[in-house]
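Reader: I would like to go through this model feature by feature. Please give the general idea each time, then the case at hand.

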Amino acid sequence: STLGSGTLHIELGTWGANQASFTPKAGATAVDVSIAAGDTLEVVRDKINAAGAGVTALVMTDASGSRLLLRSNASGAANGFRTSGVAALAFDPSSGASALTQSQKAADAAATVNGLPVTSTSNTLSNIVDGLTLNLSAVTTAPVTVNVVTDTDALKKMITDFAAAYT
């Protein structure tokens, strides 16, 4: 089915508590996408994806029919988004306009390392401990023990290969 016509306004940013407020992302420019009255979901998807708005659109079809899905191109709380201008595609709870339903809110990954809270825009924690990168792969509130050891075999091979290159 068609969604109506108008200019779809897409803006990246951070949602406040309970989505009562929205703060536009610093350095990001809101993007307008022209939607014509006869545009199908596939045409709207293609227009959104071509606009470079920081979101990706896709059409999902199941037994209930087809739906337009939008997701941010980047993870993290600062990469939430709101849409306005075309009533059927509006998502702005702070203004009361939300024809779209949010299935997952933008959030930063959070962990506690040695009792200190840390966050990341992705599930990768880098530089919290010199030379160590942690990849978060599951949600848990239970403590997780991480053992970090030097890979002496790899170190020996690098030194041997280096020495062999100069002999």
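Reader: Are W15 and F91 buried or exposed?

Author: One point comes before that: the model is predicted. Burial is read from relative accessible area, and under 20% counts as buried. W15 is buried, and F91 is buried too.

Reader: How many aromatic pairs are there, and how do W15 and F91 sit relative to each other?

Author: Two numbers describe such a pair, the distance between ring centres and the angle between planes; an angle over 60 degrees counts as edge-to-face. The structure has three aromatic pairs. In one of them, W15 and F91 are 5.9 Å apart centre to centre, with 75° between the planes, so the pair is edge-to-face. The pair links distant parts of the chain, since W15 belongs to strand 1 (residues 6–15) and F91 to strand 7 (residues 91–92), 76 residues apart. W15 and F91 also form one aromatic cluster together with F22.

Reader: What does the side chain of T83 reach?

Author: T83 is in strand 6 and is buried, with a relative accessible area of 1%. Its side chain reaches the backbone nitrogen of F91 at 2.9 Å. A polar atom of the T83 side chain also lies 2.5 Å from the backbone oxygen of L89. Beyond four places in sequence, T83 touches residues including L8, I10, L70, A90 and L100.

Reader: Which side chain makes a polar contact with the side chain of N79?

Author: The partner is K25, at 2.5 Å. N79 is in the loop between strand 5 and strand 6 (80–84).

Reader: Which residues have the most contacts inside the largest nonpolar core?

Author: A core is read as a set of buried nonpolar residues joined through their side chains. The largest one here has 18 residues, and those with the most contacts inside it are L8, I10, V44, I48, V55, L68 and L89. Strand 1, strand 3 (31–35), helix 1 (41–51) and strand 4 are the elements that give two or more residues to this core. For L68, the contacts beyond four places in sequence are L41, V44, R45, I48, A57, L58, V59 and L89.

Reader: Which residues of helix 1 are buried, and where do they fall around the axis?

Author: In helix 1, L41, V44 and I48 are buried. The buried residues of helix 1 fall within an arc of 65° seen down the axis, so they line one face of the helix. They pack against strand 1, strand 3, strand 4 and strand 5. After helix 1 comes G52, with a positive phi near 65°.

Reader: How do strand 4 and strand 5 run, and how many bridges join them?

Author: Strand 4 (residues 55–62) and strand 5 (residues 65–72) run antiparallel and are joined by eight bridges. They form a hairpin, with two residues between the strands. Within this pairing, M60 stands opposite R67 of strand 5. In a regular strand, side chains alternate between the two faces of the sheet.

Reader: What is phi at N18 and at N114?

Author: When phi is positive, check whether the residue is a glycine. N18 is not a glycine, yet its phi is positive, about 55°. N114 is likewise a residue other than glycine, with phi near 50°. N18 is in the loop between strand 1 and strand 2 (22–24), while N114 is in the loop between strand 9 (109–113) and strand 10 (116–120). N18 is exposed, with a relative accessible area of 78%, and N114 counts as exposed at 78% relative accessibility.

Reader: What separation is there between the C-alpha atoms of L132 and A51?

Author: L132 and A51 are 81 residues apart along the chain, and their C-alpha atoms are separated by 37 Å. L132 lies in strand 12 (residues 132–135). Apart from residues up to four places away in sequence, L132 touches L125, S126, N127 and V148.

Methods
Residues are numbered from 1 along each chain as its sequence is written. This is a predicted model: local features need pLDDT of at least 70, side-chain atom pairs count only at pLDDT 80 or more; totals for chains, interfaces and linings use all residues. Side-chain values use heavy atoms; hydrogens and water are left out. Two strands pair if DSSP finds at least two bridges between them. Helices (H or I, at least four residues) and strands (E, at least two) are DSSP runs, numbered from the N terminus. Rings of Phe, Tyr and Trp (its six-membered ring) pair if their centres lie within 6.5 Å; planes under 30 degrees apart count as stacked, over 60 as edge-to-face and the rest as tilted. Buried means under 20% relative accessible area, exposed over 50%, partly exposed in between (1.4 Å probe, protein chains only). A polar contact is a pair of N or O atoms within 3.5 Å; within protein, one must be able to donate a hydrogen and the other to accept it, and residues adjacent in sequence count only if both atoms are side-chain atoms. Contact means heavy atoms within 4.5 Å. A nonpolar core is a set of buried Ala, Val, Leu, Ile, Met, Phe, Trp, Tyr and Cys residues joined through side-chain atoms within 4.5 Å. The arc is that of the directions from the helix axis to the C-beta atoms.
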